[in-house]
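Me: I'm new to this one. Can you show me the structure and take a few quick questions?

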Amino acid sequence: MARIQKILVAYDGSTQSKEALDWAIDLSLASKAQICVAKVIEAMSIGEMTALYESGSSDDLVAYLEEVKETDRKLLEEAIATVGQRKSVAITTVLLNGNIAAALIKYAKENGMDMIVAGTKGHGVLEGLLMGSVTRNLVSLSPIPVLVVKD
């Protein structure tokens with residue numbers, strides 16, 4: 001087994017993603033791995049973008065996207081504040097865009113991550129209907145090992 005040096009944590013603020021972050025921290029304490037906490041800004045549907053645009057101007061759409069980014073930045077800051085009480089763990093954060101699983105896998109490959117850690121389910125556009133679909137896609141499509149944490 002290769003030494004784990006870089007861990008990517010899929011984070012959305014859900015209980016499951018917080019548990020995944022806790023597991024990543026414990027792994028990091030044992031291996032001295034760096035942790036990157038990633039939040040993916042989900043793509044809006046064409047209908048949602050069209051409705052915002054048609055409601056007045058493109059300024060509404062831009063304002064909405066900025067609001068989403070700010071909310072996600074605060075979510076990542078909260079994750080770091082929680083982690084900040086643990087010793088000797090290098091933490092970075094990143095906001096990504098697009099399809100959640102694809103964005104996480106692409107970032108992990110491009111940045112030499114050794115592992116992706118994710119909860120079994122989280123907050124999604126169709127949370128009630130497709131519970132855990134992101135995690136299933138990560139496990140199915142990632143060439144990088146995925147640790148799935150069940151809370």
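Me: Which residue in β5 does Val117 stand opposite?
Reply: Val117 stands opposite Leu147. This is a predicted model, in which local features need pLDDT of at least 70, side-chain atom pairs count only at pLDDT 80 or more, and totals for chains, interfaces and linings use all residues. Residues are numbered from 1 along each chain as its sequence is written, and side-chain values use heavy atoms, with hydrogens and water left out.

Me: How many bridges pair β4 with β5, and in what sense?
Reply: Four bridges, in the parallel sense. β4 covers residues 115–119. Two strands pair if DSSP finds at least two bridges between them. Strands are DSSP runs of E with at least two residues, helices are runs of H or I with at least four, and both are numbered from the N terminus.

Me: And what about β1 and β4, how many bridges there?
Reply: Three bridges join β1 (residues 6–10) to β4, and these strands run parallel. Ile7 stands opposite Met115 in β4.

Me: What order do the strands take in the sheet?
Reply: The order is β3-β2-β1-β4-β5. The five strands form an open sheet with parallel pairing. β3 (91–97) and β5 (146–149) stand at the edges with a single partner strand each, so one side of each has no neighbour in the sheet. From one strand to the next, the twist averages 25°. Angles run from 0 to 180 degrees between N-to-C directions, and axes are lines fitted to C-alpha atoms, for helices over the stretch in contact.

Me: Back to β4. How many of its residues are buried?
Reply: Five of its five residues are buried. Buried means under 20% relative accessible area, exposed means over 50%, and partly exposed is in between (1.4 Å probe, protein chains only).

Me: Which residues sit on which side of β4?
Reply: Met115, Val117 and Gly119 are on one side, with Ile116 and Ala118 on the other. Both faces are covered. In a regular strand, side chains alternate between the two faces of the sheet.

Me: New topic. How many salt bridges does the structure hold?
Reply: Five. A salt bridge here is a side-chain nitrogen of Lys or Arg within 4 Å of a carboxyl oxygen of Asp or Glu. One of them joins the side chains of Lys18 and Glu78, at 3.6 Å from N to O.

Me: Where do Lys18 and Glu78 lie?
Reply: Lys18 lies in helix α1 (residues 15–31) and Glu78 in helix α3 (residues 58–83), so the pair ties together parts 60 residues apart in sequence.

Me: What is the relative accessible area of Lys18?
Reply: Lys18 has 36%, so this residue is partly exposed. Glu78 is partly exposed too, at 38%.

Me: Which lysine does Asp72 meet in a salt bridge?
Reply: Asp72 meets Lys39, at 3.6 Å from N to O. Asp72 is in helix α3 and Lys39 in strand β2 (residues 34–41), 33 residues apart.

Me: Is Asp72 buried or exposed?
Reply: Buried, with a relative accessible area of 8%. Lys39 also counts as buried, at 10%.

Me: What does Lys69 pair with?
Reply: The side chain of Lys69 meets Glu66 in a salt bridge, 3.9 Å from N to O. Both are in helix α3, three residues apart, so about one helical turn separates them.

Me: Now helices. At what angle do α4 and α5 cross?
Reply: Roughly 40°, and their axes come within 9 Å. α4 covers residues 100–110 and α5 covers residues 133–141. That makes α4 oblique to α5. Under 35 degrees counts as roughly parallel, over 145 as roughly antiparallel, 65 to 115 as roughly perpendicular, and the rest as oblique.

Me: Which residues meet there?
Reply: Ile100, Ala101, Leu104 and Ile105 in α4 meet Val134, Asn137, Leu138 and Leu141 in α5. Contact means heavy atoms within 4.5 Å.

Me: Last one. What is Ala79 in contact with?
Reply: Tyr11, Leu21 and Val37, leaving aside neighbours within four places in sequence. Ala79 is in helix α3 and counts as buried, at 1% relative accessibility.
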